[in-house]
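Thanks for asking me to look this over with you. Here are my notes, written to be read with the structure open beside them.

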Amino acid sequence: MNSFVHKTLVVQLQAGDTDRFSVLAHLSYDAADPFAVTVVFSHDGRVLARWQLDREMLGEGLRRPVGVGDVRMRPESLGMWQELRMEFLGDARPDGGRHHAVVFAWAPAFAAFLRETHEVVPPGREEVRVDDFLANVIAGG
């Protein structure tokens with residue numbers, strides 16, 4: 001069985017007060033890190049941002065508002081169009097504010113990606129390799 005899941009989606013990015021524009025979201029899941037989903041946002045071959053997200057939080061964000069820190073998610077509905085709204089707060093700006101971006105993704109595509117990850121590692125079956133983690137921390141990794 002494959003222990004990796006990859007999917008590339010076209011999503012809409014809104015940074016600050018700008019209109020939405022299309023970017024790519026490269027989603028990846030690795031059974032070796034069963035709680036995390038990595039999302040790399042890119043445009044014209046350039047990486048805009050890389051975030052490591054909690055897999056369970058992504059699933060919850062498709063159903064209800066979640067998150068209180070740098071990442072917040074919630075479902076949004078525009079008629080028959082179901083979206084996942086992901087809000088990202090970044091580093092501080094010189095004016096004292098923080099960089100802020102909102103990504104809108106087609107919710108059924110994210111749900112399909114999560115179903116594929118659940119086929120690799122079902123929810124509740126994630127294993128934490130504490131000995132490997134501690135060895136890595138002690139080694140300075």
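**Notes on the core, the strands and the pockets**

1. Let's start with Leu58. Setting aside neighbours within four places in sequence, Leu58 is in contact with Val37, Leu53, Met73, Leu84, Met86, Phe110 and Leu114. Keep in mind while you click through these that the model is predicted.

2. The largest nonpolar core has 30 residues, and Leu58 is listed with Phe41, Met73 and Met86 as having the most contacts inside it. Helix 2 (residues 107-120) gives this core its largest share, 5 residues.

3. Leu114 and Leu58 are 56 residues apart in sequence, yet 8.2 Å apart in space, C-alpha to C-alpha. Besides Leu58, Leu114 touches Arg55, Gly59 and Leu62, if you skip residues up to four places away in sequence.

4. Is Leu114 buried or exposed? Its relative accessible area is 5%, and the cut-off for buried is under 20%, so Leu114 counts as buried.

5. Stay on helix 2 for a moment, because Thr117 lies there too. With a relative accessible area of 0%, Thr117 is buried. Which residues does Thr117 contact, leaving aside neighbours within four places in sequence? They are Val5, Tyr29 and Arg55.

6. Over to the strands. Strand 3 (residues 36-43) has 7 of its 8 residues buried, so the rest of the structure largely encloses it. What does strand 3 pair with? On one count there is strand 2 (residues 21-30), antiparallel over 5 bridges, with Leu24 standing opposite Ser42 of strand 3. A hairpin of 5 residues joins strand 2 to strand 3.

7. Strand 3 also pairs with strand 4 in the antiparallel sense, over 8 bridges. If you want a pair to find on screen, Ala36 stands opposite Asp54 in strand 4. These two strands form a hairpin with 2 residues between them, and Asp44 in the turn has a positive phi of about 50°.

8. Now the empty space. Rolling a probe the size of a water molecule over the atoms shows where such space is left. The largest pocket holds about 310 Å³. It is lined by 15 residues, with Leu48, Ala49, Trp51, Phe88 and Ala101 lying nearest its centre. Strand 1 (4-15), strand 4 (46-54), strand 6 (81-92) and strand 7 (98-106) are the elements giving two or more residues to that lining. By class, the lining has 11 nonpolar, 3 polar and 1 charged residues.

9. The second largest pocket has about 270 Å³ of space. Among its 16 lining residues, Arg55, Glu56, Gly59, His118 and Pro123 are the closest to its centre. Helix 1 (55-61) and helix 2 each supply at least two residues of this lining. Its make-up by class is 6 nonpolar, 3 polar and 7 charged residues.

10. Arg55 is touched by Leu114, is in contact with Thr117, and is one of the residues closest to the centre of the second largest pocket.

Note on methods:
Residues numbered from 1 in each chain as written. Predicted model: local features only at pLDDT ≥ 70, side-chain atom pairs only at ≥ 80, totals over all residues. Heavy atoms only, no water. Core = buried A, V, L, I, M, F, W, Y, C linked by side-chain atoms within 4.5 Å. Buried < 20%, exposed > 50% of the residue type's maximum accessible area, 1.4 Å probe, protein only. Helix = DSSP H or I, 4+ residues; strand = E, 2+ residues; numbered from the N terminus. Contact = heavy atoms within 4.5 Å. 1 Å grid on protein atoms, 1.4 Å probe; cavity = no way out; pocket = protein on both sides within 12 Å on 5 of 7 lines; lining within 4 Å. Points joined across faces, edges and corners; volume = space filled by probe spheres on them. Nonpolar A, V, L, I, M, F, W, Y, C, P; charged D, E, K, R; others polar. Pairing = 2+ DSSP bridges.
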